[in-house]
Amino acid sequence: MGRLRELLAERAAMEATWARRKLAGLVGAGPRAEAGRLDFDWSRVPYDRRAVVGLIAHRIDAKRYLEIGCQDDKLFHTVWCPTKIGVDPARGGTHRMTSDEFFAGNTLSFDLVFIDGLHEYAQVRRDILNALDCLEPGGWIGVHDCLPRDWGAHQVPRQQFYWNGDVWRAIAEMKARADIDTRIVLVDHGTAIMRRSANSEPLDAAGLDFANLPFSWLVENHRRLGLIEFAELDGYLAAARAG
């Protein structure tokens, strides 16, 4: 309960800061405006991460599902698997702990893992690598919040209530790996999916410092991260199974 109170207090403080910045006319100024923005209107997309995870779980007949970052269980309660584990330090899921603590003691393997925990590059990167280590052959990993629309939604540390963080930096790093096939499905603020497989379209990582890529890099290069529409997902999964 102590950690939950801390998180709720942090959220309240963030909302108050955002309100003060808006009243002061600071919203939209400085780096937020200079870095540009992504032209996605997620409110017009009739699918979200639940559709992506549900389709993957169905197509691979997933038996064991792991979710990192459950909060209100919006996704967790919709996933149909015989074994489901949800990890969150504050609420939701089945295990009240951090993802690092869970992975340190985990002995299970999973067919499907969804990562929606702390939206900071280092943590997301660590969660992905830990998930890969316990992924069954043919299994998939999903990651939420991969396409923040503007600098404010991306900035770390968090400066506003609505926030995606710099998850995208970890996705760019995975897209550069030759042994991980990565795509971003254009739903729900960008939902990445990946698996252990040869990457036919690796991102050229020459000269890239993933931990410090500016948001302007994402604006200019997001189409190089393997974007696909939800309508293409089933065909992509079928081709992955056939390959």
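First, the ground rules. This is a predicted model, so to speak of a local feature we need pLDDT of at least 70, and side-chain atom pairs count only at pLDDT 80 or more, while totals for chains, interfaces and linings use all residues. Residues are numbered from 1 along each chain as its sequence is written, and side-chain values use heavy atoms, with hydrogens and water left out.

The overview. The protein has nine helices and seven strands. Both are DSSP runs, numbered from the N terminus: helices are H or I with at least four residues, strands are E with at least two. Of the 243 residues, 48% are buried. Buried means under 20% relative accessible area, exposed means over 50%, and partly exposed is in between, with a 1.4 Å probe and protein chains only. The accessible surface is about 11,700 Å², and 52% of that belongs to carbon and sulfur atoms. Those areas come from the Shrake-Rupley method with a 1.4 Å probe; for residues, only the protein chains shown count as cover. Now contacts, meaning heavy atoms within 4.5 Å. Among contacts with a separation of 6 or more, 64% join residues 24 or more positions apart.

On to the sheet. It is open, has seven strands and mixed pairing, and runs β2-β1-β3-β4-β6-β5-β7. Which strands stand at the edges? They are β2 (83-87) and β7 (227-228); each has a single partner strand, so one side of each is left without a neighbour in the sheet. Pairing here requires at least two DSSP bridges between two strands.

Take β3, residues 110-115. Six of its six residues are buried, so β3 is largely enclosed by the rest of the structure. With β1 (residues 64-68), β3 pairs in the parallel sense over four bridges. With β4 (residues 135-143), the pairing is parallel over five bridges. Follow phenylalanine 114. This β3 residue is the bridge partner of glutamate 67, and its own partner in β4 is glycine 142. Valine 113 has isoleucine 141 as its bridge partner in β4.

Next, helix α7, residues 167-175. This helix packs on the sheet and touches β4, β5 (180-185) and β6 (191-196). Its direction makes about 140° with that of β5; axes are lines fitted to C-alpha atoms, for helices over the stretch in contact, and angles run from 0 to 180 degrees between N-to-C directions. How many residues of α7 are buried? Nine of the nine, so α7 is largely enclosed by the rest of the structure.

Now the cores. A nonpolar core is a set of buried Ala, Val, Leu, Ile, Met, Phe, Trp, Tyr and Cys residues joined through side-chain atoms within 4.5 Å. The largest has 43 residues, and Leu66, Ile128, Ile141, Val143, Leu147 and Ile171 touch the most other members. Helix α7 gives the most to this core, with six residues. A second, separate core has 23 residues, including Ile56, Ala57, Leu112 and Ile228. Back to isoleucine 141. Leaving aside residues up to four places away in sequence, its contacts include Val113, Ile128, Leu132 and Ile193.

Finally, charge. There are 15 salt bridges, each a side-chain nitrogen of Lys or Arg within 4 Å of a carboxyl oxygen of Asp or Glu. Aspartate 100 bridges to arginine 126, with the closest N and O atoms 3.1 Å apart. Aspartate 100 lies in helix α4 (residues 99-105) and arginine 126 in helix α5, so the pair ties together parts 26 residues apart in sequence. Both ends are partly exposed: aspartate 100 at 29%, arginine 126 at 35%.

Arginine 183 has two partners to show. One is aspartate 181, at 3.0 Å, N to O. The other is glutamate 201, with the closest N and O atoms 4.0 Å apart. Buried or partly exposed, for glutamate 201? Glutamate 201 is partly exposed, at 46%, whereas arginine 183 is buried at 10%. Last, Asp133, Arg177, Asp179 and Arg196 are linked in a salt-bridge network.
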